[in-house]
Amino acid sequence: MSELIDDAGASPGFLLWRVTQRWQRSIVATLRPLDLTHAQFVLLMSANYLSRDGSPSQREVADHAEADVMMTSQVLRTLEKRGLVTRSPDPADARVKRLTVTADGARLARRAQAAVEKADRAFFADVGDPESLLSHLKELAAWPS
């Protein structure tokens, strides 16, 4: 039988939880002046990124962000009401919604990305080897090389 960890500081899962909570608070504070929630930011950025190759579907955006499909739909409706994206039926399948990031949405995405990247640099500034951290995070996220 394996030994149980008796020190929370020796638990990778608990430490990851704490780091995630601290990082999310930083990102929420960064996005607040832009009137974006963290979920709105992630989905707007995913839609913006995927739009380079056409009009992604809501499902493709959800998959890219590893977000719940229903939550993605709700957040994208909010972004649509704000004029940041448009959603239209796919010509081949009316059940599928295709997304287009509007000019306002693309401008906000660029501003938000710059702000979040600055916050990330500040948050991770004390990491000894940022490239090694990034490599490990890609492995854990199963991100393609």
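## Helix α2

The expected span of a helix is 1.5 Å times one less than its number of residues. Helix α2 covers residues 38-50, which makes 13 residues. From its first C-alpha to its last it reaches 18 Å, close to the expected 18 Å. The model described here is a predicted one.

Several residues of α2 are buried: H38, Q40, F41, L43, L44, M45, S46 and A47. The cover over these buried residues includes the helices α1 (12-31), α3, α4 (69-81) and α5 (103-123). The strands β1 (85-90) and β2 are also part of that cover.

## The chain as a whole

The chain contains six helices and two strands. Read from the N terminus, the order of the elements is α-α-α-α-β-β-α-α. Along the principal axes, the C-alpha atoms fill a box of roughly 55 × 40 × 25 Å.

The chain has 145 residues, and 26% of them count as buried. Its accessible surface is about 10,000 Å², with 55% of that area belonging to carbon and sulfur atoms. Among contacts with a separation of 6 or more, 54% are between residues 24 or more positions apart.

## Charges and salt bridges

There are 19 positive and 19 negative side chains in the chain. The centres of these two sets lie 10 Å apart.

## R59 and D63: a pair in one helix

R59 and D63 form a salt bridge, and their closest N and O atoms are 3.8 Å apart. Both residues belong to helix α3 (residues 58-65). Because R59 and D63 are four residues apart in this helix, about one helical turn separates them.

How accessible are the two partners? R59 has a relative accessible area of 48% and is partly exposed. D63, with 47%, is partly exposed as well.

## E60 and R98: a pair between two elements

Another salt bridge is formed by the side chains of E60 and R98, with an N to O distance of 3.4 Å. E60 lies in helix α3 and R98 in strand β2 (residues 93-101), so the pair ties together parts that are 38 residues apart in sequence.

The relative accessibility of E60 is 38%, which means that E60 counts as partly exposed. For R98 the value is 23%. A residue counts as buried only under 20%, so R98 at 23% is partly exposed.

R95 has a relative accessible area of 75%, and because exposed means over 50%, R95 is exposed.

Some salt bridges share partners. In this way E60, D90 and R98 are joined into one network.

Which element holds V19? V19 is found in helix α1. Its relative accessible area is 37%, so V19 is partly exposed.

V19 and A142 are 123 residues apart in sequence. In space, the distance from C-alpha to C-alpha is 19 Å.

Conventions:
Residues are numbered from 1 along each chain as its sequence is written. This is a predicted model: local features need pLDDT of at least 70, side-chain atom pairs count only at pLDDT 80 or more; totals for chains, interfaces and linings use all residues. Side-chain values use heavy atoms; hydrogens and water are left out. A salt bridge is a side-chain nitrogen of Lys or Arg within 4 Å of a carboxyl oxygen of Asp or Glu. Buried means under 20% relative accessible area, exposed over 50%, partly exposed in between (1.4 Å probe, protein chains only). Contact means heavy atoms within 4.5 Å. Accessible areas come from the Shrake-Rupley method with a 1.4 Å probe; for residues, only the protein chains shown count as cover. Lys and Arg count as positive and Asp and Glu as negative; His and the chain ends are not counted. The place of a charge is taken as NZ of Lys, CZ of Arg, CG of Asp or CD of Glu.
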